[in-house]
Amino acid sequence: MMGAPINDDLMGVRVSNIPADLRFAESHEWARLESDGSVTIGLSDHAQRALGDIVFVELVEVGKVFEAGEPAGVVESVKAASDIYAPVGGKVIAVNEELADTPELINEEPYEAWIFKLKPSAESEIDKLLDAAGYKAAIG
């Protein structure tokens, strides 16, 4: 006889998925340092759940330069609009054009549906972001 299916709910509250290999900004963006030195950025599972069904993502322009913490786009859901912040400073080298037509990918796969990639001004900036344990503590 099979056991009950594994459920990630804890007393009715879904536990956030927080991958250990990512870094997080307190503003709920995740950042992944790639082997080529670029940084891929998206919205955390916690953020997409708080926003609800995402209906629009304002994509930044390739070539734009941001300082860490600067607004770098907007995500709109059925509940609210929220700024997306650059967790590290740098120059945008790619945007996820797929999100223009299917913004709900952020809800479905928050750690696969990246928003933009940048070449960081200083690779060490990623070290200033929270690790998985620090982000988990920050969101409670």
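R49 and D45 form a salt bridge whose closest N and O atoms are 2.6 Å apart, the term standing for a side-chain nitrogen of Lys or Arg within 4 Å of a carboxyl oxygen of Asp or Glu. Both residues belong to helix 1 (residues 45-51), where they lie four residues apart, about one turn of the helix; helices (H or I, at least four residues) and strands (E, at least two) are DSSP runs numbered from the N terminus. This is a predicted model, in which local features need pLDDT of at least 70 and side-chain atom pairs count only at pLDDT 80 or more, while totals for chains, interfaces and linings use all residues. Residues are numbered from 1 along each chain as its sequence is written, and side-chain values use heavy atoms, with hydrogens and water left out.

The structure holds two salt bridges, and the other one joins R32 to E34. In the table, buried means under 20% relative accessible area, exposed over 50%, and partly exposed in between (1.4 Å probe, protein chains only).

| Residue | Relative accessible area | Class |
|---|---|---|
| R49 | 26% | partly exposed |
| D45 | 2% | buried |
| R32 | 24% | partly exposed |
| E34 | 23% | partly exposed |

For R32 and E34, the closest N and O atoms are 2.8 Å apart.

Six strands form an open antiparallel sheet in the order 3-4-5-11-10-7, two strands being paired if DSSP finds at least two bridges between them. Strand 3 (23-24) and strand 7 (65-66) stand at the edges with a single partner strand each, so one side of each is left without a neighbour in the sheet. Within this sheet, strand 4 (residues 29-33) and strand 5 (residues 39-43) pair in the antiparallel sense over five bridges, and L33 has V39 in strand 5 as its bridge partner.

N96 is found in the loop between strand 10 (90-95) and helix 2 (98-101), and counts as buried at 7% relative accessibility. The side chain of N96 reaches the backbone oxygen of W114 at 2.8 Å. Leaving aside neighbours within four places in sequence, N96 is in contact (heavy atoms within 4.5 Å) with L59, A113, W114 and I115.

V78, by contrast, counts as exposed at 58% relative accessibility, and its place is in the loop between strand 8 (71-77) and strand 9 (81-85).

How values were computed: A polar contact is a pair of N or O atoms within 3.5 Å; within protein, one must be able to donate a hydrogen and the other to accept it, and residues adjacent in sequence count only if both atoms are side-chain atoms.
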